[in-house]
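Subject: Structure handover

Hello,

Here is the structure for you to open. My notes follow below it.

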Amino acid sequence: MEPGHPSTRTPARHPAALPTVITSFPLPITGVTVSRPTALAVHLVSRPTGAPTAANFAFVEEAVPALAEGQALVENIYQSVDPYMREEMDEGGWALHAPLEGRTLGRVVESRTPALPVGALVHHRRAWRTHSVVGAAEAWVVPDFDGVPLSAHLSVLGGTGLSAWVGLTRVARLQPGETIFISAAAGGVGSAAGQLARLLGAGRIVGSAGSAAKVKHLTERLGFDAAFDHHDGPIADRLREAAPGGLDVYLDNVGGDHLEGAIAALRDHGRIAWCGAVAQYNHLQDPPAAPRNLYDVVGKSLRLEGFLVRNHLDARPELYDFLVPHLRSGAVVPDETVVRGFENVVDAFLGMLRGANTGKMIVQLTDAP
């Protein structure tokens with residue numbers, strides 16, 4: 001497979017495709033009939049107990065309204081599905097029987113705002129649908145970086161890559177020569193973090209993943225110095241083998257036993273950048289106990305800091321300046337699993353939660369430019 005080209009994974013279940021249809025609506029004053037597209041959308045129809053299933057979602061048709069001043073109609077091309085969305089399925093998150101949100105890239109096909117001209121490729125958060133009506137303040141035109149695929153704006157240049165960049169540079173403040181451990185390293189944030197850590201001069205990069213194939217992917221394709229399958233035994237034991245000299249930095253995407261193991265392996269004055277806790281997303285009503293060695297944070301003078309990437313959007317230009325040249329040169333590969341077809345968006349989301357992807361899980365809804 002050529003560098004920079006996303007892999008394509010096909011879900012096991014293939015529901016029938018749901019084609020876009022055109023519906024006519026009469027104008028009430030003139031009686032003239034115009035055609036408006038009908039968008040296909042996914043709604044949350046029930047809240048899961050434990051792991052979510054396809055039964056929690058429903059595909060619906062939604063008529064696209066005429067645009068108001070300041071709005072644009074976007075035909076969506078790529079949609080991101082992310083671990084945080086599992087939290088949104090619980091009470092207090094996404095509303096039932098309503099459109100869902102998420103990072104999306106699309107092409108403007110109709111516009112009543114000069115900020116979003118027809119033909120522009122834009123990023124917005126009105127996801128889980130084939131077409132979205134967005135206001136000028138809700139979308140922004142993505143930069144056109146020659147030689148960089150559009151999908152990268154959802155992976156290494158998108159929220160996942162930005163999370164990795166912020167965790168490494170602003171929170172953990174990774175220094176050249178240091179040893180770093182990255183959990184869920186074969187996922188979107190983890191795969192970006194490993195490649196960024198190498199470019200930032202890390203001395204040793206260790207990752208955990210959920211299968212032997214993913215471990216091989218980390219060490220043979222993404223440049224990790226060592227990796228292990230977290231099913232193979234206690235995390236602290238695996239870390240002693242992979243980093244016998246101890247850790248300086250831990251980028252946490254898992255929580256639970258990974259956090260406990262990392263605390264045990266960190267040297268004095270080590271830093272933890274806590275990005276996610278995928279180990280407990282299906283157990284938010286009954287979360288696991290805190291790490292048993294949490295007080296070692298005091299004894300070792302460790303620094304543990306959680307962060308939300310939405311509070312660091314000003315770092316995006318830094319990421320572009322640093323990473324785009326490496327993407328063009330091939331030093332960094334956008335690690336992506338692309339599932340094709342809007343009818344497979346729910347399968348892609350559920351598959352991502354089960355670890356069916358390597359790198360960023362993306363759904364391609366229509367042909368990319």
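Start with tryptophan 128: its relative accessibility is 0%, so it counts as buried (buried means under 20% relative accessible area, exposed over 50%, partly exposed in between, with a 1.4 Å probe and protein chains only). Tryptophan 128 is not a glycine, yet it has a positive phi of about 60°. It sits in the loop between strand 7 (121–124) and strand 8 (131–135). Helices (H or I, at least four residues) and strands (E, at least two) are DSSP runs, numbered from the N terminus.

Some ground rules. This is a predicted model, in which local features need pLDDT of at least 70 and side-chain atom pairs count only at pLDDT 80 or more, while totals for chains, interfaces and linings use all residues. Residues are numbered from 1 along each chain as its sequence is written, and side-chain values use heavy atoms, with hydrogens and water left out.

Histidine 269 is another non-glycine residue with a positive phi, near 70°. It belongs to strand 14 (residues 266–274). Its relative accessibility is 56%, so histidine 269 counts as exposed.

Six strands form an open sheet in the order 12-11-10-13-14-15, with parallel pairing (two strands pair if DSSP finds at least two bridges between them). Strand 12 (226–229) and strand 15 (303–306) stand at the edges with a single partner strand each, so one side of each has no neighbour in the sheet. On average, neighbouring strands of this sheet are turned by 15° against each other, direction ignored. For angles, axes are lines fitted to C-alpha atoms, for helices over the stretch in contact, and values run from 0 to 180 degrees between N-to-C directions.

Strand 13 (residues 247–252) pairs with strand 14 in the parallel sense over five bridges. Leucine 251 has alanine 273 in strand 14 as its bridge partner. Helix 3 (residues 188–199) packs on the sheet and touches strand 10 (179–182), strand 11 (204–209) and strand 13. The direction of helix 3 makes about 170° with that of strand 10. Helix 6 lies across strand 10, strand 11, strand 13, strand 14 and strand 15, and runs at about 150° to strand 14.

Which helix packs with helix 6 (residues 256–265) at an angle of about 45°? It is helix 5 (residues 235–242), and the axes are 8 Å apart. That angle makes helix 5 oblique to helix 6 (under 35 degrees counts as roughly parallel, over 145 as roughly antiparallel, 65 to 115 as roughly perpendicular and the rest as oblique). From helix 5, Ile235, Ala236 and Leu239 meet Asp257, His258, Gly261, Ala262, Ala264 and Ala265 in helix 6. Contact means heavy atoms within 4.5 Å. The residues of this contact divide into six nonpolar, two polar and one charged (Ala, Val, Leu, Ile, Met, Phe, Trp, Tyr, Cys and Pro count as nonpolar, Asp, Glu, Lys and Arg as charged, and the others, Gly among them, as polar).

Two last places to look. Threonine 160 lies in helix 2 (residues 159–171). Its relative accessibility is 7%, so threonine 160 counts as buried. Leaving out residues up to four places away in sequence, threonine 160 touches Asp82, Leu154, Ser155, Gly188, Val189 and Lys360.

Helix 9 (residues 345–353) has eight of its nine residues buried, so it is largely enclosed by the rest of the structure. Among the buried residues are Asp347, Phe349 and Met352. Just after helix 9, glycine 355 takes a positive phi of about 85°.

Best wishes
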